[in-house]
Amino acid sequence: MSLDKATVASIATLARLRVPDDRLEPMVADLNAILGFVEQLEQVDTAGVEPLANVTGHALPQREDAVTDGGYPERVTANAPDPAGTFYAVPKVVE
Amino acid sequence: MAGILDLDLVAARDALRAREISSTELTSAYLARIEATRDLNAYITVTADKALAMAAASDEKLEKGEGGPLEGLPIAVKDLFCTEGVPTTAASHILDGFEPTYESTVTAKLWDAGAVMLGKTNLDEFAMGSSNETSYYGPAVNPWRATGDADTRLVPGGSSGGSAAAVAGWAALAATGTDTGGSIRQPAGFTGIVGMRPSYGRCSRWGIVAFASSLDQAGPLARTVADAALLLSGMAGHDPKDSTSAPLPVPDFSAGLEDGVKGLRIGVPREFRIDGMPAEIAALWAQGVEWLKDAGAEIVDISLPHTPYALPTYYIIAPAEASSNLARYDGVRYGLRVDGDSLAEMYANTRGEGFGAEVQRRILTGTYVLSAGYYDAYYRKAQRVRTLIRRDYDQAFEKVDAILAPTSPSDAFPIGANESDPVKMYLNDVFTVPLNLAGLPGISVPAGLSARGLPLGLQVMGPMFEEAKLLRVARALERAAAFTARPAMLEGV
């Protein structure tokens with residue numbers, strides 16, 4: 001299957017990515033080339049095969065549900081582009 | 001001091017311990033070399049003052065006969081590792097001005113072991129690329145030139161291209177890299193050095209800018225196999241801050257290096273003989289097989305039947321994980337912010353301007369393959385094929401101790417040569433990607449020169465967490481290959 005311009009524009013919206021109109025057309029071509037390439041996976045019979053996400057075989061460790069870090073908001077917000085004290089500031093969300 | 005740059009990591013360590021040289025002398029020589037090789041664009045940030053301060057502190061310890069296993073050794077860090085108070089860019093515009101207030105586990109371990117930080121090396125943006133050309137800071141340049149063509153600048157490979165260029169051009173004694181689909185091994189092969197990707201979980205990912213979390217793994221780039229083993233010892237180890245970090249003791253990777261391959265079984269996977277493989281790559285591979293056979297190994301033909309599907313599997317899983325990981329760059333908490341009339345517009349403007357074209361391609365690919373209605377067809381499917389790829393290796397390692405293959409299907413190509421075709425660029429990783437999907441360790445060793453006079457690497461792959469055996473095979477290969485060629489730029493250095 002092949003993506004059209006409108007579909008790519010809507011994926012870009014989902015990804016919160018502004019893609020200007022003049023860059024949309026080449027992006028459609030690139031994505032279709034990539035999807036065309038990966039479609040060869042359809043040839044592989046994966047019936048009854050479990051998906052793999054964990055390659056080490058180690059179970060995820062558990063720990064006590066307790067606070068182990070924190071208490072330094074100035075360090076956390078040190079790189080904020082527009083800080084308000086030790087808060088992040090963003091454009092107004094609620095009118 | 002003449003010849004000081006000629007010392008490799010192990011030799012420099014011994015010279016420092018014997019007080020034949022000081023870390024300040026060694027570090028100053030590298031800082032001067034970095035200035036002399038600015039054309040390589042290997043570094044994004046050089047931390048000269050910090051390097052000299054660390055060197056002075058190391059000299060004090062060495063003076064007293066103290067210090068860690070890497071005491072006083074100047075190394076470079078891929079600019080994907082967060083370093084406290086030192087800009088960390090991931091070679092992306094979107095991390096403009098970002099100075100972490102914390103240190104990655106791997107680099108913290110290296111500094112604890114006594115290593116000296118020269119600076120942060122160039123890379124493909126967010127480690128997404130195979131040529132270092134997607135860097136916001138411009139491409140790093142391979143120290144090598146093709147015979148008779150001194151003018152054409154070649155790529156050093158990627159994504160750890162700056163680290164590879166720095167080590168190959170002697171602008172660092174060794175360097176860290178990360179390998180998500182070949183990003184340590186391929187640049188090592190392109191620049192005539194050694195590059196190793198350990199098993200997934202061997203090095204902590206904490207504090208490394210995430211690309212594809214189930215594939216990313218840190219590792220060393222160095223001049224020799226022994227150097228790589230030494231640096232890896234300083235990087236590896238369990239870290240409670242990374243839940244996927246392996247809770248295993250770290251063996252002495254340098255201990256059995258010279259034990260040879262006598263009695264070991266080396267697999268040669270038939271599916272790596274791809275159509276259109278250049279004759280010189282096939283010949284070098286055959287030569288590598290002969291070398292190991294002559295050294296006493298038993299050669300076994302093996303099959304890894306799902307190899308042809310590794311690349312398409314990777315180009316679903318890696319972008320999917322990347323699109324999720326990169327959602328955090330929103331202009332709110334760090335880095336670039338491009339204003340907009342609403343919060344959503346600010347996000348979109350920041351990300352549209354802050355990410356380069358390749359990163360945007362992967363975010364969009366990842367978003368699509370994870371979107372409702374396509375998740376099973378693409379992402380789940382790829383994860384199932386990943387199981388089959390891993391199973392191929394598990395079955396192979398029942399029969400063999402290690403696997404030998406080429407590192408890459410070509411030698412280094414000119415800057416700009418493959419830029420216009422993303423899929424063609426992806427094919428660079430055809431021999432390296434399967435290992436990342438399987439989670440296994442691999443190492444590239446310089447093994448010969450192409451007809452154009454450029455380095456070619458051979459790759460050894462090993463079973464999970466058996467890095468020590470892998471390094472032993474790599475050392476045997478290195479000894480047999482006796483690769484002594486150097487880029488012309490090193491003449492007289």
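A175(B) is buried, because 28 other C-beta atoms lie within 10 Å and 20 or more are enough to count as buried. The model described here is predicted.

**Surroundings of A175(B)**

- A175(B) belongs to strand β4 of chain B, which covers residues 175-178.
- Leaving aside neighbours within four places in sequence, A175(B) is in contact with I75(B), A76(B), V77(B) and K78(B), and also with T121(B), S163(B), A166(B), V167(B) and L221(B).
- Between A175(B) and L231(B) there are 8.4 Å in space, C-alpha to C-alpha, although the two are 56 residues apart in sequence.

**Chain A against chain B**

- In chain A, 40 residues are in contact with 53 residues of chain B.
- On the side of chain A that touches chain B, at least two residues come from each of α1 (5-14) and α2 (21-38) of chain A.
- α2(A) gives the most to this side, with seven residues.
- By type, the residues of this side of chain A are 29 nonpolar, five polar and six charged.

**Helix α1(A) and helix α11(B)**

- α1(A) packs with helix α11 of chain B (residues 357-369) at an angle of about 95 degrees, and their axes are 9 Å apart.
- The two helices, α1(A) and α11(B), are therefore roughly perpendicular to each other, as angles of 65 to 115 degrees count as such.
- From α1(A), V8(A), I11(A), A12(A) and L14(A) meet L364(B), T367(B) and Y368(B) of α11(B).
- Six residues of the contact of α1(A) with α11(B) are nonpolar, one is polar and none is charged.

Conventions: Residues are numbered from 1 along each chain as its sequence is written. Chains are lettered from A and ligands numbered from 1 in the order in which they are written. This is a predicted model: local features need pLDDT of at least 70, side-chain atom pairs count only at pLDDT 80 or more; totals for chains, interfaces and linings use all residues. Two residues are in contact if their C-beta atoms, placed from the backbone, lie within 7 Å. Helices (H or I, at least four residues) and strands (E, at least two) are DSSP runs, numbered from the N terminus. Ala, Val, Leu, Ile, Met, Phe, Trp, Tyr, Cys and Pro count as nonpolar, Asp, Glu, Lys and Arg as charged, and the others, Gly among them, as polar. Axes are lines fitted to C-alpha atoms, for helices over the stretch in contact, and angles run from 0 to 180 degrees between N-to-C directions. Angles under 35 degrees count as roughly parallel, over 145 as roughly antiparallel, 65 to 115 as roughly perpendicular and the rest as oblique. A residue is buried if 20 or more other C-beta atoms lie within 10 Å of its own, exposed if 12 or fewer, and partly exposed in between; C-beta atoms are placed from the backbone.
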